[in-house]
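Let's take a friendly walk through a protein chain, from its overall layout down to its core. Have the sequence and the 3D view ready as you read.

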Amino acid sequence: MVKIRLARGGRVHAPIYTIVATDSRNPRDGRNLERLGQYNPSAKEVLVGIKVDKIQKYVQNGAHLSDTVRTLLKKIRFRSLSC
């Protein structure tokens with residue numbers, strides 16, 4: 001099953017998360033299918049480079065959003081949250 005979730009990166013005490021599409025059986029920071037944007041909790045603009053059209057495509061094809069990604073995407077008024 002394809003899942004859209006966060007992968008952690010950055011430094012100690014300064015995380016930067018990447019929104020990725022991945023197989024649900026892969027580890028959190030493991031192999032992913034595609035990078036779909038970034039979430040930086042310590043910056044002014046917390047969501048950077050979000051590929052909304054690709055996220056919608058994955059959701060329409062049956063991908064599930066993690067709870068955290070769903071909450072973040074509500075900030076940019078992501079309408080197709082049907083899962």
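## Order of the elements

Read along the sequence, the protein chain runs β-β-β-β-α-β-α. That gives five strands and two helices. Keep in mind that this is a predicted model.

## Overall shape

How does the radius of gyration of the protein chain fit a compact globule? A compact globule of 83 residues would have a radius of gyration near 12 Å, and the protein chain agrees because its own value is 12 Å. Along the principal axes, the C-alpha trace spans about 35 × 30 × 20 Å.

Contacts tell us about the fold too. Among those between residues at least 6 apart in sequence, 28% join residues at least 24 apart.

## Inside the protein

Of the 83 residues, 35% count as buried. In soluble globular proteins, nonpolar side chains tend to be buried together.

Which residues touch the most other members of the largest nonpolar core? They are Ile-4, Ile-19, Ile-55, Leu-65 and Val-69, in a core of 15 residues. Two or more core residues come from each of β1 (2-11), β2 (14-23), β3 (34-39), α1 (52-60) and α2 (67-74). The largest share, three residues, belongs to α2.

Terms used. Residues numbered from 1 in each chain as written. Predicted model: local features only at pLDDT ≥ 70, side-chain atom pairs only at ≥ 80, totals over all residues. Heavy atoms only, no water. Helix = DSSP H or I, 4+ residues; strand = E, 2+ residues; numbered from the N terminus. Rg over C-alpha atoms; globule rule 2.2 N^0.38 Å. Buried < 20%, exposed > 50% of the residue type's maximum accessible area, 1.4 Å probe, protein only. Contact = heavy atoms within 4.5 Å. Core = buried A, V, L, I, M, F, W, Y, C linked by side-chain atoms within 4.5 Å.
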